[in-house]
Amino acid sequence: MKILIIGGTRFIGRHLALQARDAGHEVILFNRGQSWPDAPFEQIQGDLNALTDSREALLSLAPDAVMHCLAMTLQHAEDFVSIFKGSKAQLSLLSSADCYAAFQDLVNGRDQCDWPLNEQDPITDIPFYWRSIDSLHNADYDKNQVTAIVQQACPQSTVYRLPMVYGPHDRQYAYRHGWILQHLIHHQSKMILGINKQASLWQYGYVENIAAALLHGMTHFQKNPPVAGKIYNLCEPRVR
């Protein structure tokens, strides 16, 4: 297969690219040429926020599959479908478990649902749902609107909702496993858990396992088109 990865240089996309290459697939990356300048792949350099400027270069590749790792906003989604709608490529994009109503209840101090969640559980009805919570996310970030735009325009596209992904090249480790790593680095065997940490159960996924699941999905759907067009949660089978 010829696989195009949009945003395949930093974290999940990087591991996906390496695993796809090792499995014998042809891999092309679309990026700014900054995060992984010596990547062992063909690269098309461009601006994610002006994706349509690279329309001809992207379509000329005639990829069998396209994975969008950085579709965060309405504009990202609209640009993506405006280029690839009607193409023969299997389209996939990464979403997040933060899109569920239960997740947003949890981060707002409420717990009103049954666990675990599946793909049919309610998503939050709050647009741009991180705006009132933190400043870490793009103000126009909304994975639910991204999913709706892409799947309405391209019904056979596939969406993967991710847990807290960790591993090599994780830029968010400080918010997830950083305090544990600091204890290990300084050989501190005892860890004090506050009540919030004791009571919190999160979905996790090691980045190489997540990449393997994505690659499996892309190659599986190429052989079995009827199972495309779905939404899949990915995470470790056990909650820690």
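The protein has 9 helices and 9 strands, counted as DSSP runs (H or I of at least four residues for helices, E of at least two for strands) and numbered from the N terminus. Its radius of gyration is 18 Å, close to the 18 Å that the globule rule gives for 240 residues, so the protein is as compact as a globular protein of that length. The radius is taken over C-alpha atoms, and the rule is 2.2 Å times the number of residues to the power 0.38. This is a predicted model, in which local features need pLDDT of at least 70, side-chain atom pairs count only at pLDDT 80 or more, and totals for chains, interfaces and linings use all residues. Residues are numbered from 1 along each chain as its sequence is written, and side-chain values use heavy atoms, without hydrogens and water.

**Overall fold**
- Along the principal axes, the C-alpha atoms fill a box of roughly 55 × 40 × 35 Å.
- Of the 240 residues, 43% count as buried (under 20% relative accessible area, 1.4 Å probe, protein chains only).
- Among contacts (heavy atoms within 4.5 Å) between residues at least 6 apart in sequence, 68% join residues at least 24 apart.

**Charge**
- There are 20 positive and 23 negative side chains, and the centres of the two sets lie 4 Å apart.
- Lys and Arg count as positive and Asp and Glu as negative, with His and the chain ends not counted; each charge is placed at NZ of Lys, CZ of Arg, CG of Asp or CD of Glu.

**Arg14**
- Arg14 lies in helix H1 (residues 12-22).
- Arg14 is buried yet has no salt bridge (a side-chain nitrogen of Lys or Arg within 4 Å of a carboxyl oxygen of Asp or Glu).
- The nearest side chain of opposite charge to Arg14 is Asp38, 6.4 Å away.
- Leaving aside residues up to four places away in sequence, Arg14 touches Gly8, Thr9, Ser35, Trp36 and His169.

Definitions and conventions. Buried < 20%, exposed > 50% of the residue type's maximum accessible area, 1.4 Å probe, protein only.
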